[in-house]
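Hi everyone, thanks for making time. Have a look at the model on the screen, and I'll talk you through it.

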Amino acid sequence: MTARGLVKVYPKRDRPAVDGVSFAVPRGEVFGLLGPNGAGKTTTIGVLTTRVVPTRGEARVGGVDLMRDGAQARRVLGVVSQHNNLDRGLSVHQNLVMHGLYHGLPRRERRRRADALLEEMGLADRAGDRVDHLSGGQQQRVKIARSLLHEPSVLFVDEPSTGLDPQSRLFVYDKLTELHERGVTVVITTHDMEEAARLCDRVGIMDRGRLIALDTPAALTASLPEGTHLDLAVDVGTVGARQLAKALAECPGVESVEQVEPASGGRTGTGTAGGSEEDDGAPTRFRLRTEADPTPVLAAVLQVIGGLGCEVRDVGVRRPSLEDVFIGLTGRGIR
Ligand SMILES: Nc1ncnc2c1ncn2[C@@H]1O[C@H](COP(=O)(O)OP(=O)(O)OP(=O)(O)O)[C@@H](O)[C@H]1O
């Protein structure tokens, strides 16, 4: 699959949604497209699956030129959309068979493939049920089964595991890995960095319509400064976040101290923390970076916190992750 110079300008929009995106995904690779909300991922996938007409650019999927032969391209690509676009009035089996009919498969062949895929997806006993009687995780499996019925060589999966419980998520991961092993090219979009790091051979990070990084998760993570993160949640009490951050920054081996938001992991300050102090009883979170052996650094940090009369509520020691790469490249601002 290749995209070259893709541009999409939606009517009445002054900025392109996709602004000159080029990348190639070799056969059999699992490729992840990452990016904050509005980065242009869905539009890019829309172009690559013939649902969005690009303003400029070229693309080939499974060797077929999308702009010249959209109908043939639709035969070699499969799409698992994030939206539930199953036909709710039909049974699980009928949903698959209808897809086979759309792709011109003979009657016996579409039934044979539908049976085999439902078996493979652990849904054989639900074949006759209406899809709206299935759970969200089961419906996602039906969508994957349906997308594979015409045996595509490139499968596009939008947010593979959003809304799934851990069991369904692992099942979907296993299926995507199996497809990869069978030589099917898989392109996913995701906001889940752990998912991307786990599933993808390479990831592309988009922001504001452009592809700003493309490499293996390991290479992207290795591009970050060496070191270890110490994540701390502290009841700062009357000492306050600013004073504690200053004291932490002076600990031997500590390179930087940031105050981070609890849920998003987005920083509220850089270098030495200076954000507002917590007043709702929740602990204040800090991220420290060290290039030294983290054990003695952590010991010194805990001593400083204890010495100031603050209380540690949670401690984490970890290597920088793909999420750190993502935040480093795309920033902290909400889109
Ligand atoms: N049909 C449309 N008409 C006009 N503008 C659109 C349309 N679809 C998307 N956009 C705009 O194009 C930009 C890119 O949107 P797109 O949905 O491709 O991003 P995304 O990376 O998939 O975001 P998300 O992670 O939120 O799904 C956004 O500014 C969006 O508002």
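I'll start with the overall layout, then go to the ligand, the cores and the strands.

First, some housekeeping: this is a predicted model, where local features need pLDDT of at least 70, side-chain atom pairs count only at pLDDT 80 or more, and totals for chains, interfaces and linings use all residues. Residues are numbered from 1 along each chain as its sequence is written.

The chain has 11 helices and 14 strands, which are DSSP runs numbered from the N terminus, helices being H or I with at least four residues and strands E with at least two. The C-alpha atoms fill a box of roughly 75 × 45 × 35 Å along the principal axes. The domain assignment, which is automatic or from a database, gives domain 1 (2-222) and domain 2 (228-319). Their centres, taken over C-alpha atoms, are 41 Å apart.

Now, which residues surround the ligand? They are Tyr10, Arg13, Ala17, Gly35, Asn37, Gly38, Ala39, Gly40, Lys41, Thr42 and Thr43, where near means a C-beta atom, placed from the backbone, within 6 Å. This shell divides into three nonpolar, six polar and two charged residues; here Ala, Val, Leu, Ile, Met, Phe, Trp, Tyr, Cys and Pro count as nonpolar, Asp, Glu, Lys and Arg as charged, and the others, Gly among them, as polar.

Lys41, Thr42 and Thr43 are also among the buried residues of helix α1. Eight of the eight residues of α1 (residues 41-48) are buried, so this helix is largely enclosed by the rest of the structure. Buried means 20 or more other C-beta atoms within 10 Å of a residue's own, with C-beta atoms placed from the backbone; exposed means 12 or fewer, and partly exposed is in between. After α1 comes Thr50, with a positive phi near 70°.

Leu48, from the end of α1, is one of the residues with the most contacts inside the largest nonpolar core, which has 61 residues. Such a core is a set of buried Ala, Val, Leu, Ile, Met, Phe, Trp, Tyr and Cys residues joined through C-beta atoms within 7 Å. A second, separate core of 18 residues includes Ala245, Phe286, Val297 and Val301.

Finally, the strands: β11 (residues 228-235) pairs antiparallel with β13 (residues 284-290) over seven bridges, pairing requiring at least two bridges by DSSP. There, His229 has Arg289 as its bridge partner. Seven bridges also join β11 to β14 (residues 311-318), again antiparallel, with Leu230 partnered by Val317.
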